[in-house]
Amino acid sequence: MALIDRRIGLLFLAFIALLGVAVTRATYLGAVRAGSLQKAAVTQQVSIVTIPAQRGSITDRNGVELAISESAADVAADPYLIKNPQAMAEQLSPLVSKPVTTVLSALTRPHTGFVYVAHLIPGDKATAISKLHLDGITLIPQVTRVYPRSWAASQVLGTVGWNDQGLSGLEYTFNSVLRGIDGVRRIVNDAIGQPISIDDRRPTQSGKTVALTIDAPLQDEVEQVLAGVGAMYQPRGATAIVMNPNTGEILALANWPRVNANDITSAPPYARQDRAIGSTYEPGSTFKAFTVAGALQDKVVTPWTQFFLPSVLQVADRQIHDAEARGDETASVAQILKQSSNIGADEIGMKLGAQRFDYWVHRFGFGQKTGIDLPGEERGIVLHYQQYSGSSMGNLPMGQGESVTPIQMATAYAAIANGGILRPARIVKSIGGRPVPTPAGQRIISPTVAANLRDMLRGVLAPGGTASEAAIPGYDLAGKTGTANKIDPVTHQYSSVNYVASFMGFVPAGHPQLLVAVMVDQPQGAIYGGTVAAPAFQKIVGWAVPYLGISPR
Amino acid sequence: MTPPAVTSAGRGSAAKRKPTGSADGHPRTLRQQPAPHSPRRVSGPVGGRRVARAAAAIAGAGTIAIPTRPARAPRPARPGRPTRRAGSRPASGTLPLRAAAFVRGLPDHALIDRLVRGRAWIPVLGLLLTGIVAMQVSMLKLNASIGRSIERGTALQSQNQQLRASVATLADDQRIERIAAGAGMIMPAPAAVGFLSGQPAGGIGQSVANIKTPDAATFLASLPAATATDPLTGLSASAGTGTSSALTPSTTSASVTPAVGPTPTGTSAGTGTGTAPAATATGGAAPAATGAATSTPSSTAAAPGSGSSAGATTAPSASAPSAGAGVSGAVGGAAAGAGAGGGGVGIQSQSNGG
């Protein structure tokens with residue numbers, strides 16, 4: 001009995017000793033090494049992750065996605081933790097779309113515990129990588145911008161760069177709205193890496209959706225038409241704007257050459273530019289409408305006022321000719337517009353006077369930004385009348401000597417089309433579902449003058465007009481052609497080779513619902529607005545009128 | 001020394017649970033009559049005079065002698081303790097005071113005392129401990145589940161975005177036009193789209209009268225076999241490749257060739273709003289657009305394109321009866337091809353100031 005008691009006692013002592021060892025070890029770990037172990041545990045189990053905010057979409061006026069964000073991930077590696085880099089590189093290579101050697105060199109980079117293997121890989125591939133459970137590989141959540149209609153309105157939409165920052169176009173203008181606020185999430189993982197606690201320290205706020213006034217199908221059609229112009233005339237570039245003249249809403253804004261928004265870097269800088277707002281050109285004969293508008297509003301002329309038009313007009317040191325050689329003749333204001341007489345426009349301008357002409361040029365918004373929500377808008381170059389030279393009134397009234405942007409021309413023509421109200425063009429319909437109000441605009445010419453102008457501009461597409469081929473049977477169209485010499489950058493004189501062909505028109509002429517502006521830069525083979533730009537106008541109108549349900553007359 | 005005694009008062013309830021020794025030292029379980037209830041806590045030591053009295057009474061009865069602790073000197077009552085019976089309702093005072101008094105007296109309540117002294121606490125405590133552990137486990141599971149759900153939500157959101165992008169890509173009009181062009185369809189030219197006036201009496205009735213059942217044979221015969229290319233839109237439509245095997249082209253009915261030079265010649269004349277067939281035309285000096293549209297009685301349209309066109313095959317066509325909305329033409333490859341030809345890609349170069 002005593003032996004048994006002794007053995008039990010010894011066993012008890014042994015257990016006590018073991019317990020003592022355990023307590024001592026626990027005390028050591030829990031007290032002496034507590035700090036370092038706690039840090040290690042936190043490092044292994046707790047992670048603070050930045051959840052990138054979903055960048056808001058950009059849609060057309062009907063909700064068609066033009067720009068959308070998708071989840072992506074950066075793949076990073078800790079070379080210290082990678083035991084078999086060769087095998088891992090072979091596993092990762094197809095998923096990150098990089099050669100095995102490239103991945104291997106990243107995985108084996110010496111003296112570093114962090115190296116990027118790939119940037120912005122798509123979400124599905126990131127998921128596949130995470131399912132591999134590769135030690136030493138970390139996925140950093142990111143968001144990538146995708147443009148589902150790769151080529152549509154790419155210069156308007158712009159680009160997004162590193163860290164989801166808008167760099168150009170609407171992405172730049174509305175970056176603060178689209179960007180959202182990144183969230184911060186604390187994740188505690190268990191021993192096998194499964195999250196057992198997720199705490200959103202700062203909730204993610206997605207960016208707002210920006211809905212444009214652009215109509216995606218119409219935009220596609222306009223871009224196709226410009227592509228056709230590009231294929232036929234091989235111009236340096238072409239721009240088309242379709243807008244509702246009554247509201248200033250831009251329904252389509254296209255530039256050619258086209259640019260793939262998903263691969264913007266491969267395009268040349270000229271193609272990336274939104275030339276509708278960012279390039280200036282001499283408008284040529286399309287500007288004559290404003291000369292006439294000022295003269296009509298000032299009651300200097302009426303549509304029926306007759307002018308004697310010599311075959312050559314001497315203004316200071318310059319001789320002004322019409323495009324077609326002719327003898328002396330007499331023509332009314334309406335005929336001057338219809339035939340696009342340079343001498344006639346100068347005569348009207350000179351009758352109006354330099355100061356009043358200058359007033360009307362600025363009144364129509366030239367020389368200042370239209371205020372459209374697009375970055376990089378140019379003001380154009382418009383001289384003040386005090387800067388006029390002796391020959392200025394020989395070329396300014398017919399559209400030479402001043403530089404304008406296509407959007408300025410479209411906005412000014414919209415004032416003629418809508419009855420005399422100059423209203424800033426707008427391209428954003430709503431932000432985050434909240435409609436952007438239509439700008440009030442200001443009246444610059446009377447409804448009567450606007451109606452007279454529209455009536456005169458009908459003649460341009462009528463038989464004998466400069467754009468008669470662009471007429472569509474059954475359609476009540478009005479517009480104006482323009483053909484302007486470009487300045488030769490070498491001689492600084494007007495080039496006899498390079499021209500800008502343009503056409504501004506609207507439908508129906510009586511109460512316009514649609515305005516189309518086409519500008520073709522340096523067309524080859526044909527140079528005239530009636531030949532190069534007016535057919536594009538015809539194509540666009542012929543497609544848009546049935547599509548939009550607009551009565552053609 | 002206080003003689004061995006049994007007490008049932010105060011904390012002497014241990015006598016009911018613990019085995020106690022008898023006078024001869026043998027342990028013995030004591031089961032005796034229930035003690036009278038008393039407050040769980042009373043001032044003074046366990047035992048004392050009452051214990052001594054009880055022990056003496058028991059000893060005098062010749063029953064059991066149980067050793068007990070020596071009696072201590074009585075302690076003074078703790079200050080602040082309620083002197084009245086626990087749980088008793090205060091006679092007066094405001095409601096908060098009475099509630100405070102009730103709460104203060106709760107630990108000494110008889111019911112609490114009975115509960116605390118009962119053996120049911122053992123399983124209850126065990127159950128509570130088990131519940132706490134189970135709750136912790138379930139919390140961990142819940143957290144893990146939340147984590148999985150969030151990950152799942154993120155994955156679904158990502159998938160949703162990809163699907164939205166796919167929808168936008170698939171709905172691309174240019175893509176649809178390419179597919180349609182491959183199936184033998186092309187866009188109608190502006191001149192091939194006619195609008196009917198909405199005269200209440202004649203126009204609508206006439207339009208309705210023009211709507212006839214499509215003739216499959218005519219349609220099949222009108223399918224183009226040639227390739228139509230629209231230079232402005234850049235579309236190349238390989239006609240005659242219908243989506244159905246039945247749509248096999250049998251005749252060449254339209255040929256559209258872009259005008260590549262600035263001085264195309266010839267004229268084009270097409271009429272009507274029809275959807276149906278057209279004729280092949282030949283170009284002038286320069287390759288020119290060709291074609292002609294068909295006519296309906298209600299309207300005519302002159303194709304503005306240049307190039308000489310010859311012939312027009314008329315056929316009944318569907319036309320919309322309402323004003324401004326009547327769009328005809330261009331679903332079938334042949335008619336559309338003709339319309340596009342008339343639509344005027346071959347434009348005369350002319351000298352003008354504009």
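**A walk through chain A**

Let's start with a pair of helices: α12(A) and α18(A) are oblique to each other. The model you are looking at is a predicted one, and its helix α12 of chain A covers residues 288-297, while helix α18 of chain A covers residues 447-461. The axes of these two helices come within 10 Å and cross at roughly 140°. Angles over 145° would count as roughly antiparallel, and the α12(A)/α18(A) pair is therefore placed in the oblique class. As for its hand, the crossing of α12(A) and α18(A) is right-handed.

Which residues in α12(A) and α18(A) meet? From α12(A) come A:A289, A:V292, A:A293, A:L296 and A:Q297, and they meet A:V449, A:N452, A:L453 and A:L457 in α18(A). Sorted by class, this contact has 7 nonpolar and 2 polar residues, with no charged ones.

Chain A holds 20 helices and 21 strands. Of its 553 residues, 50% count as buried. If you take the contacts in chain A between residues at least 6 apart in sequence, 71% of them join residues at least 24 apart.

To follow one of the pairings, look at β1(A) and strand β6 (residues 183-189) of chain A, which are joined in the antiparallel sense over 6 bridges. Within that pairing, A:S47 has A:I187 in β6(A) as its bridge partner.

Strand β19 of chain A spans residues 478-487 and is mostly covered, with 7 of its 10 residues buried. Its partner is strand β20 (residues 494-507) of chain A, and the two pair in the antiparallel sense over 9 bridges.

What do β19(A) and β20(A) form, and how many residues lie between them? They form a hairpin, with 6 residues between the two strands. In the turn of this hairpin, look for A:H492, which has a positive phi of about 60°.

How values were computed:
Residues are numbered from 1 along each chain as its sequence is written. Chains are lettered from A and ligands numbered from 1 in the order in which they are written. This is a predicted model: local features need pLDDT of at least 70, side-chain atom pairs count only at pLDDT 80 or more; totals for chains, interfaces and linings use all residues. Axes are lines fitted to C-alpha atoms, for helices over the stretch in contact, and angles run from 0 to 180 degrees between N-to-C directions. Helices (H or I, at least four residues) and strands (E, at least two) are DSSP runs, numbered from the N terminus. Angles under 35 degrees count as roughly parallel, over 145 as roughly antiparallel, 65 to 115 as roughly perpendicular and the rest as oblique. A crossing is left-handed if the near helix is turned anticlockwise from the far one by less than a right angle, and right-handed if clockwise. Two residues are in contact if their C-beta atoms, placed from the backbone, lie within 7 Å. Ala, Val, Leu, Ile, Met, Phe, Trp, Tyr, Cys and Pro count as nonpolar, Asp, Glu, Lys and Arg as charged, and the others, Gly among them, as polar. Two strands pair if DSSP finds at least two bridges between them. A residue is buried if 20 or more other C-beta atoms lie within 10 Å of its own, exposed if 12 or fewer, and partly exposed in between; C-beta atoms are placed from the backbone.
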